[in-house]
Each structure stands twice: as C-alpha cells, then as structure tokens.
Amino acid sequence: MRKLIVTEKLNTAVRIASILSAGKMKRAKIGRVPTFSFPRDGHDVTVVGMRGHILNLDYPDEFNDWSHTDLRRLVWVEPVKKVTEPAFVDALKELARGVDEVIVATDFDREGELIGTEALDVIRQVSPDVAVRRARYSSLTRAEIEESFANLAELDVPLAESAESRQVVDLAWGAALTRFISLASKQLGKDFLSVGRVQSPTLALIVNREREIEDFAPQDFWTVAATFDKAGSTFPAGHEKGRFWVQGEAEAARERALAAKAGKVLEYTRNEREEWPPAPFNTTSFVAEANRLGYGAAQAMRIAESLYQSGWLSYPRTDNTVYPPTLSLKGVLQRLEESELAAEAKELLAQEKIRARRGPVEATDHPPIYPTGGAKKSDIKRQDHWRIYELVARRFLATVAPSSIVEVSEAKLDAGGETFAADGYVVKDPGWRKYYPYWTVRESALPALAVGEDVPVVDVAARKDQTQPPPRYSQGNLIQEMEKLSLGTKSTRHEIIQKLYDREYVEGKVIRPTGSGKALIGALEVHAEKITQPEMTAHLEQDMDEIARGVRTQKEVVTESQRMLEEVVEILQKNEAAIGQEIEAALKEQNYVGPCNKCGQGTLVVLKSRRGRRFLGCDRYPACRNTHPLPQIGIILSGEQPCPACGSPMIKLIDRGKTEIFCVASECPTVREKSLIAACDKCAEGELRIVHSARGKRFVGCSNYPKCDNTFPLPQRGFIERTESRCEACGHPIVHVLMTGRKPWVICINMECPIKADRKKAKAKRARAAAGEKKPRAVRKKKVKPEPVAEAAVTAPS
DNA sequence: GCAAGGTC
C-alpha cells in the first residue's frame, strides 16, 4: 500500500519523516519540492511538506476592473480558488498517482485543517477515491508523533469550513470597501487605499489615541518633596498627597513641613524581595522587546525568520511562553557554551537544578522562542542579525537564571503635620539581571530608620508640573494592544502594522496617523462603523466556532455577513461624493509643502520615486520640472513660513521627538551654512558638504558631484561641527563630533590619514601584548543605538 | 492594484 503524508511546512515534514523512519528516509525532489520516502509496516510512505496555503480565494477575472464592477454585485460574487503555489500543486498531483491513503498532518488548528483540505482537493483531482486520515499532534516530539500516527482521526470538515468562511468574509469586506474608498478618493493603481477587518480597527486605535492627545487639556498641579538627613545621608520623600491641584495648598504644606525642622518616623519597613526572571519569549513579547532596541516589528520578524532558517533560533511564530517539558534546558545551555555567551552559559549550567520561569500563556503550538544553536559573532555577520540573536539568547539565559534579590524599604514621616513617603530600592543580588542587561533598574537608597526617631529636614520644595496626554503607540505597544484585542495573529500582526505604513496611513517611530489615515477612519466611523471596531473579529470568531461545532453552516454565516456588507455599501455609496472629497483634501494637505520656488505657479508636494524614494516636486510637472531631495527618514510636514533667507518654502522634519525646520533649496545660504565642511580639495571648484545616501547614511561629498566624486565617510551619530582647521598630517578638513555628555571628538575626515594608520598599528600592538600576557580583558559592551538621525539639511547630490 | 491567513 502507498501512503502519502502531507504537512504544513518543510520543517515538520523532515521531523515527522525522520521519526517515523528512524532516520532512514530517502530524500528526493519533485521540481523544487523536497520529499521523504521510507518503508513502514510493509507500506511505502512518502512525506511532503507544503508552504502554508497553496490556494487562495479570489474573484473571477471578469471582476478585476475596479472602475467597471458594481460593488453591490461584488458583495454576492462567489470567489474561486486560485493556485498560489504551482510547484507544490504539481508535486502533490504527481505524488497522488497510485496513492492509496493520504494522511493530513498539517498543524492542529483551524487554518491547518483548511490547508490540509486544500492539499486534499488537489490530490483528489488525480485520485478521487483515495482514503483520507488525519494526524493530530501539538508538538513535534517522538512520543507525540508516534502516538498521533498510531491513532489516526478523520479530517474535520466543519473546522476547515469555518476557516474558509473567514476567507470569504474577509475578502468580501476587504475588496468591497477597499475598492469603494479608493474609487471615491480617486486613489487608483499603486496609490490605492485599503480597508480590512484587522487593519482598520488597528488604524482606529492609532487615530483615537491621536484624538485623545489633541483634545487633552493639560492641568497644572504641584508636588511637594522633602529632603531629610539621617546621620549624614540625605534622602528624598514625596508628600503623601501626591498631586496638589491648588498652588496655595502645596505652598502651605511646604511651609508647615519646613517650619517643623525635623520629621518623625511614623512607619519603617525593610524587606528582601525576590524578582522573578522575565517570561520566555513568544512572538508578541519578542517583537515588543526588539522594538525597544530600535527594530520595527516587521524588521524584527524578518530577522528572526532568517535566523530560524539558518538554524540559530527556534520557530519564531508562537503564542507559548512556557517551555515544554520535552525541551532540554540543559541541552540549550550546553549549545550556548559554544557561543559568544559561553561564560554565562557555563555559570548557569553549574546551578544545582536548572529550572525555567513559566510565562502567562501556555499554548501547545510551538515552544517559546529560544536559541537552537550556539553562535559566535563570526557565524552571524550582520550586526542587526547578531543583536537579535543575542537578545533571544540572553532572554533564554535570563529565564533559567536565579531570581534577582532586591531590598525594598518604605518609610512614612511626619513633618509639621504633613506626611511624607520615602522608599528605597537596592539590588542585593542581580540574579538574572546579569544575563539580561536590556532592562536597567533605578536604585534609590533609604537609610535605616527607627519608628519614632526624629530626622532633620534639610529642605522642602514645591514643584509645578502638568498632567500629560497619553503617549503615542510604539510598534511594540501596538502589537501588544492588538494581541489583547485579538486583532490578527502572531504571524500577521507585524505585517498589518507594516501595511499601515505602506499605505501612508501612519508615520514615525512613535506612531502618528497621517491626514489620510485620520480622514479614512473619520469617514468609516460615520458610515461603516463595524469595520473600524475590534468586535468584528470577535463576532467572526464566534461564528467560526459555531460552524466548527456544527451549530451553523458556512452558508448561513457568509450570507448573513454579505447582507450586512450590502447595507454598508449602500450607505457608503449614498455619501460617496462627501467621503471622496474629505479624503482627497486630507491627501492634498498631507503632501503640501508650499508654493513652487521655481515656477511660482505650482505647489511643491511630497512625491515618491518609482523606487520608493521620497522627494519634493512641483505639481505642475511636466510643465515645471523643479525637484528637491528629501531626508528618507522622519516625518515631513510643511514649515508653513517661507525661508527668511531665500523665500523658498521650508520643511518641518520630525524624527524621534526632534523637530527641525529648514529650507528646501540646497543653494540657500542657510542650508549651505549647515552642511558646509570646507572647500573641496580635489576639484577646487566645489565645496565639501554633509550629504545623505539613499539609505539615510550621511557622508561628506563634493557639491560639484557628479563632476567631482570626492567623498569621505562620517560617523553616523552626533552633531558634526565644522572647523577652520586642516589636519597637520594629511591636510584634510578637521571636524568635531558632538555628543551629549561627552567631550567633542576631533577627527580628520580622511580615513587613510597617516595618523589613523599609526593609531591602528599601536592599538594592534597593544592587543597583541595583552594577548601575550594572557591578561583577561574586560568585555567591553558596545552600546548600539538605532539608525542615525539626519541632523543637517539634506543636500544629496542631484 | 483588493483582505487575512498560512509559510520562505
């Protein structure tokens, strides 16, 4: 008998084949698709792994023309299944020939059931009467795989249908509303505007937060803080009341406390407290943490997937925060002994018992994200990949490390009838913190006090403060909020956020909605509220459960949804003109910078080149061909006022909280002044200026480019200050690099400067000497910060 | 040129 086992992905195919064949499977390929064959119990068995969904729902081709499709009709069109992975479909068809039994062994979840059904549909085209069984496993351990293949079940048709209902509903709502909004606002082709069950409520979160910030009325309040002195050590204590809303009351409290000269200790406690290690990483917590290091959600996932593919990390798409008992913590530590973190791994291996922190979510999909191999920096060459690997490896180390022990003390003191609270927080034993340096703690000392004793008052101060609006979302916060609201899945949330950026609905590291993002949500809330609310997902989930339980049919659920959608489309169409105008106006305003400084008739607007680079151009193109380069990072807004020096429009650039206004004209004296380094020493015609590459890196280049190709690299961080001096050794310009809290760094811009070569040699010599003496060198941790900020006006060579 | 869900 011939049996075919179909899995969801290559990895599980390899694993299942090697378990069932005791490692003795034969590898082959059909086209580009790997297969694994072996004999078992007298049968010929072949395992093939797919690539997730191999089919996708779409409308028949005659509905492809957006401008000529009646939307109310589109709502009721039955979508067809189109092949998205032809190589896998071909391979399945070939494998289906002469097969007696198919065992669906895709992931044990709703989508897995549908993915298996898709494969089966293809197989049945070749072998209509093939027998079908289902293997259900929730982890890829030998025991569980053996068990699931010894107790095969049946394919769960209603479960697959529930997933298919989701596909139909998402496509209908997504396509109808996306087309409507794009047509109404005349944004067609690559500039289309999209709407969806997950993306629109996510965008609404951002827009609503922005409204809260806009509507926020800050309120003044005062705080009163006293400084006490216990035998020479002073400590601060805040007034118990916290915020005083009336200045006079704060002042009165301050004066009463000050007049008292001493505070009487009312309460004093001191306790040692255990602080547990952080929980193992699931996708959400990993992305949030990587985001704190400066990585975008999509970028962090891309790197994690790449590290998974090359065997350094476990599967990065998981909800689980509890290591399964089958994962050998000791084994992982032993592999890390081969890594850059060998010393840390050794220390943790020496523990009497190795146990891990359990996280709040225990799921069976995949283990939490952990390092599957011990990597050295030379194994992972890209610095951004290395930092992600190190983050995951250190997180793992922390989860198996001992608790941190801290001493927490609290005191209450009375001074002149006013009560003050002081607290101390001191790390006694860093425990896991030693292995996980990403979270810094703020320690505060509180001297030991005795209840009833008097301590002198050194000072009492009242400080004015203001209430703050809620903060904008970071990508990390947003992904956590999405998880809380069940918006999207571990595999899609980062993609949804990326989509909001791609559509230019949002911008910035600290996420702000753009004009079009606000206008879109504004219009949808009024006319199609459902699609802006997370509850739509919750309802769909319920419907899917009911289909899976056999309480309702796919047809019932889909028809009901189509009816609602038809109503929504009707309402939208009635208001099409107004909705379109609102969004168009917002788009225009969003891209407007000022009047054209060349032709005087058109306006300068932010445009995108074919390669996605943004630049300023005149809207009278091609009559006026005026363009100006723009920084590629940060938010671009109109500077509103014309440049005082040359009268051209100005731009406001917001990047990581820093706002800068500068003139768009690269020949403007204000711009030249900011970017000028010195006269070019190569061509004698141009001058050397700070310019930015396409990827946002700054360097020094000649203004005579492309005639003169003189360039020099620059440090990517810090403010570059021009000097009049030239290098004594090579004659190139000297610049100062200014960073807060550091002395100015004086450098010659020439990388080949003989002085630098000498220094390098000396450093190498020192290093050799140190190695020769076998002196253990302190590990110097490099502080790595996110991508550089462009602080000079951009004058890229044009 | 639509969505969201898998996976690379």
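**Figure 1. Contacts across chain A.** Among contacts in chain A between residues at least 6 apart in sequence, 66% join residues at least 24 apart; two residues are in contact here if their C-beta atoms, placed from the backbone, lie within 7 Å. Everything shown belongs to a predicted model, where local features need pLDDT of at least 70, side-chain atom pairs count only at pLDDT 80 or more, and totals for chains, interfaces and linings use all residues. Residues are numbered from 1 along each chain as its sequence is written, while chains are lettered from A and ligands numbered from 1 in the order in which they are written. The C-alpha trace of chain A spans about 90 × 80 × 65 Å along its principal axes. Chain A holds 21 helices and 30 strands, taken as DSSP runs (helices H or I, at least four residues; strands E, at least two) and numbered from the N terminus. Of its 798 residues, 37% count as buried. A residue is called buried if 20 or more other C-beta atoms lie within 10 Å of its own, exposed if 12 or fewer, and partly exposed in between, with C-beta atoms placed from the backbone.

**Figure 2. The domains of chain A.** An automatic or database domain assignment supplies the bounds. Domain 1 covers 2-50 + 85-155, domain 2 covers 165-215 + 472-582, and domain 3 covers 220-276 + 405-466. Then come domain 4 (283-402), domain 5 (596-663) and domain 6 (688-798). Between the C-alpha centres of domain 2 and domain 5 there are 31 Å.

**Figure 3. The largest nonpolar core.** This core has 128 residues, and Ala176, Tyr389, Val392 and Leu397 have the most contacts inside it. Helix α6 (residues 157-184) gives the most to this core, with 12 residues. A nonpolar core is a set of buried Ala, Val, Leu, Ile, Met, Phe, Trp, Tyr and Cys residues joined through C-beta atoms within 7 Å. Which residues does Ala176 touch, not counting residues up to four places away in sequence? They are Leu71, Leu74, Val75, Leu565 and Val569.

**Figure 4. Ala422 in its strand.** Ala422 sits in strand β13 (residues 418-429) and is buried, with 25 other C-beta atoms within 10 Å. Leaving aside neighbours within four places in sequence, Ala422 is in contact with Phe235, Pro236, Ala237, Ala411, Leu413 and Leu446. Look for Gly238 too: Ala422 and Gly238 are 184 residues apart in sequence, yet 6.5 Å apart in space, C-alpha to C-alpha.

**Figure 5. Surroundings of DNA strand B.** There are 42 residues around DNA strand B, and Gly52, His53, Gly174, Ser194 and Gly196 come nearest; a residue is near the strand if its C-beta atom, placed from the backbone, lies within 6 Å of it. Helix α6 is back in view, giving the most to this surface with 8 residues. At least two residues each come from α1 (10-20), β5 (55-58), α6 and α10 (297-309). The surface divides into 10 nonpolar, 19 polar and 13 charged residues. In this grouping Ala, Val, Leu, Ile, Met, Phe, Trp, Tyr, Cys and Pro count as nonpolar, Asp, Glu, Lys and Arg as charged, and the others, Gly among them, as polar.

**Figure 6. Helix α9 and its cover.** Why is helix α9 (residues 283-292) largely enclosed by the rest of the structure? Because 9 of its 10 residues are buried. These include Phe286, Val287, Ala288 and Glu289. Among the elements covering the buried residues of α9 are α10, α13 (383-399), α14 (475-484) and α15 (493-502). Just after α9, Gly294 takes a positive phi of about 105 degrees.

**Figure 7. Strand β4 between its partners.** Strand β4 (residues 43-49) is mostly covered, with 5 of its 7 residues buried. Strand β1 (residues 2-7) pairs with β4 in the parallel sense over 6 bridges, where pairing requires that DSSP finds at least two bridges between two strands. Strand β3 (residues 33-40) runs antiparallel to β4, and 6 bridges join them. Val48 of β4 is the bridge partner of Val6, and Thr35 also stands opposite Val48. The hairpin of β3 and β4 has 2 residues between the strands, and there Asp41 takes a positive phi near 50 degrees.
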